[in-house]
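Please examine the structure below with its ligand in view. The paragraphs that follow lead from the ligand to the spaces within the protein and then to its backbone.

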Amino acid sequence: MSEGRLIALEGVEGAGKTTQAELLTQWLIELGIRFTAAREPGGTEVGEAIREIVQDRPELAVPAETELLLYLGSRAAFVREIVRPAMDRGELVVADRYSMSTFAYQGYGRGLDLDRVRQLDNFATGGLRPDVYLVFDLPAEDGLARQWHGHAGGDRIEREGDAFLRTVRDGYLELALSEPGAHLIDASGDAAAVHRRVREVLMEALPETFSTEGV
Ligand code: T5A
């Protein structure tokens with residue numbers, strides 16, 4: 001029981017969010033917890049179209065303000081079409097990135113005013129905040145190395161390089177201390193070890209949802 005909650009997975013590129021989202025949803029199935037899982041940017045039809053612009057067209061010149069509004073445009077649809085309806089159905093929502101990505105990348109990374117970014121994000125989300133943020137921490141270089149192991153090139157953000165991603169990581173470390181519901185998780189080690197840390201955090205943060213069974 002106890003669904004109707006929102007858990008967001010966060011961290012730099014290659015920290016292992018998608019891998020951990022999959023392991024988490026397998027655990028939810030074992031526990032019999034109904035859930036919806038989706039990624040940002042994307043998840044909705046318009047969100048996937050926005051994703052194409054912002055991710056897959058690195059040749060486009062995109063001012064930081066435009067980039068911010070594109071991510072928030074995707075989020076507005078994500079909340080209204082996916083997150084809210086799923087929560088209203090009593091499901092637990094697993095989001096691969098949410099508002100903290102915008103704070104870390106467009107606020108810390110691009111240097112946009114963080115208070116303004118928060119205000120605009122609040123408009124996009126209608127004020128919906130995650131119950132839990134799982135913030136996967138890994139040195140930016142290690143995350144890129146994990147990712148580039150699989151493919152070459154990189155999207156718009158990956159092409160910004162190590163210094164940009166180090167700033168984003170530092171942002172995440174600050175946000176993990178200040179953002180309500182945030183839990184910093186060491187993302188080093190193999191995926192199974194990281195998943196065990198996720199279970200520990202969730203059993204403590206949401207004890208009414210995650211019983212000790214299945215650990
Ligand atoms: N963005 C997004 C913003 O700037 N603002 C915003 O508001 C939002 C929402 C999203 C991009 O958009 C930006 C941030 C991003 O640049 P994306 O492709 O959705 O892009 O996100 P990425 O973080 O780039 O996603 P990735 O899938 O590439 O990284 P993950 O999810 O962190 O990592 P994962 O699980 O895919 O793993 C990457 C590789 O590492 C391996 C995996 O097998 C995979 O090969 N791996 C491990 N290897 C060793 N040990 C482990 N523990 C491992 N876990 C995974």
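**The ligand and its surroundings**

An N or O atom in the side chain of Arg75 is 3.2 Å from an oxygen atom of the ligand. The protein covers 79% of the 1,000 Å² of accessible area that the ligand has on its own; accessible areas come from the Shrake-Rupley method with a 1.4 Å probe, and for residues only the protein chains shown count as cover. The model is a predicted one, in which local features need pLDDT of at least 70 and side-chain atom pairs count only at pLDDT 80 or more, while totals for chains, interfaces and linings use all residues. Residues are numbered from 1 along each chain as its sequence is written, and side-chain values use heavy atoms, with hydrogens and water left out.

For Gln55, an N or O atom of the side chain is 3.0 Å from an oxygen atom of the ligand. For Lys17, a polar side-chain atom lies 2.5 Å from a ligand oxygen atom. A polar contact is a pair of N or O atoms within 3.5 Å; within protein, one must be able to donate a hydrogen and the other to accept it, and residues adjacent in sequence count only if both atoms are side-chain atoms.

How many residues surround the ligand? There are 26, and the closest are Lys17, Thr19, Arg97, Thr102 and Gln147. A residue is near a molecule if one of its heavy atoms lies within 4 Å of it. By class, this shell has seven nonpolar, ten polar and nine charged residues. Here Ala, Val, Leu, Ile, Met, Phe, Trp, Tyr, Cys and Pro count as nonpolar, Asp, Glu, Lys and Arg as charged, and the others, Gly among them, as polar. With four residues, α4 gives the most to the shell. Helices (H or I, at least four residues) and strands (E, at least two) are DSSP runs, numbered from the N terminus.

**Pocket and cavity**

The space taken by the ligand is the largest pocket. A molecule sits in a pocket if more than half of its atoms lie within 2 Å of its grid points. On a 1 Å grid over the protein atoms alone, a cavity is a set of points where a 1.4 Å probe fits but cannot get out, and a pocket is an open set with protein on both sides within 12 Å along at least five of seven lines; lining residues have an atom within 4 Å of a point.

The largest pocket holds about 780 Å³ of space. Its lining comprises 38 residues, and Lys17, Thr18, Asp96, Arg97 and Gln147 are the closest to its centre. Seven residues come from α1, which gives the most to this lining.

The whole structure has one cavity of 30 Å³ or more. Grid points are joined across faces, edges and corners, and a volume is the space filled by probe spheres set on the points. Among the residues lining the largest cavity are Gly11, Phe136 and Tyr172. The largest share of that lining, three residues, comes from β4.

**Two backbone features**

Arg97 has a positive phi of about 85° although it is not a glycine, and it lies in the loop between β3 (92-96) and α4. The peptide bond from Glu40 to Pro41 is cis, with omega near -10°. Pro41 is found in the loop between β2 (35-39) and α2.
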